[in-house]
Amino acid sequence: MKKRLLATKVLMTLSLFASVGTLFTVRMDWGEPYPFFHWKLFSQPTGWDLQVHEYRLYGKTNTGEYIRIKNEQRKTFSSDDINYLVSYLMQLSDVKTRNEKLRILCRYIAPEFKSYRVVEEIYNPLVIMNDFENYERKPVVEIY
């Protein structure tokens, strides 16, 4: 019993130091080496049923082709924040409110496009590690 208590104390102390270190590295824009810093392993598991459904934003080019908007760190949003926000907005029942909020988000993230599309991407996380283009795309919402 004492060994368990000691092990718990040691792990807690290591976790605390790793979190403080990660806070420093995030503020210096060096990335996030400690995966438990934002509890991503528990809040975003991806391999549970071998199929992931994610919503992604696409922008319409001048040629009429839709290209995927790169989901990267912004001044006010991390890439995870953008993923969560798009997923949340897609769950809103009021279509008019949802589309207006999506329009605001899209114009903030990628103002160079005139219209946007929300696409549901479905993929197997084990397969996509070897073949990056092996995912299904389903257009869900058009935003003008």
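## Exercises: a cavity and a helix pair

Tyr55, Arg56, Leu57, Ile69, Lys70, Asn71, Ile82, Asn83, Val86 and Ile109 line the largest cavity, where a cavity is a set of points on a 1 Å grid over the protein atoms alone at which a 1.4 Å probe fits but cannot get out, and lining residues have an atom within 4 Å of a point. This is a predicted model, in which local features need pLDDT of at least 70 and side-chain atom pairs pLDDT 80 or more, while totals for chains, interfaces and linings use all residues. Residues are numbered from 1 along each chain, and side-chain values use heavy atoms, without hydrogens or water.

**Exercise 1.** Work out how α3 and α4 are oriented.

*Solution.* First, the angle: α3 (residues 79-90) and α4 (residues 95-109) pack at about 160 degrees, their axes 9 Å apart. Angles over 145 degrees count as roughly antiparallel, so α3 is roughly antiparallel to α4. Then list the contact (heavy atoms within 4.5 Å): α3 brings Ile82, Leu85, Val86, Leu89 and Met90, and α4 brings Arg98, Lys101, Leu102, Leu105 and Ile109. Finally, sort them by class: eight are nonpolar, none polar and two charged.

Note on methods:
Axes are lines fitted to C-alpha atoms, for helices over the stretch in contact, and angles run from 0 to 180 degrees between N-to-C directions. Helices (H or I, at least four residues) and strands (E, at least two) are DSSP runs, numbered from the N terminus. Angles under 35 degrees count as roughly parallel, over 145 as roughly antiparallel, 65 to 115 as roughly perpendicular and the rest as oblique. Ala, Val, Leu, Ile, Met, Phe, Trp, Tyr, Cys and Pro count as nonpolar, Asp, Glu, Lys and Arg as charged, and the others, Gly among them, as polar. On a 1 Å grid over the protein atoms alone, a cavity is a set of points where a 1.4 Å probe fits but cannot get out, and a pocket is an open set with protein on both sides within 12 Å along at least five of seven lines; lining residues have an atom within 4 Å of a point.
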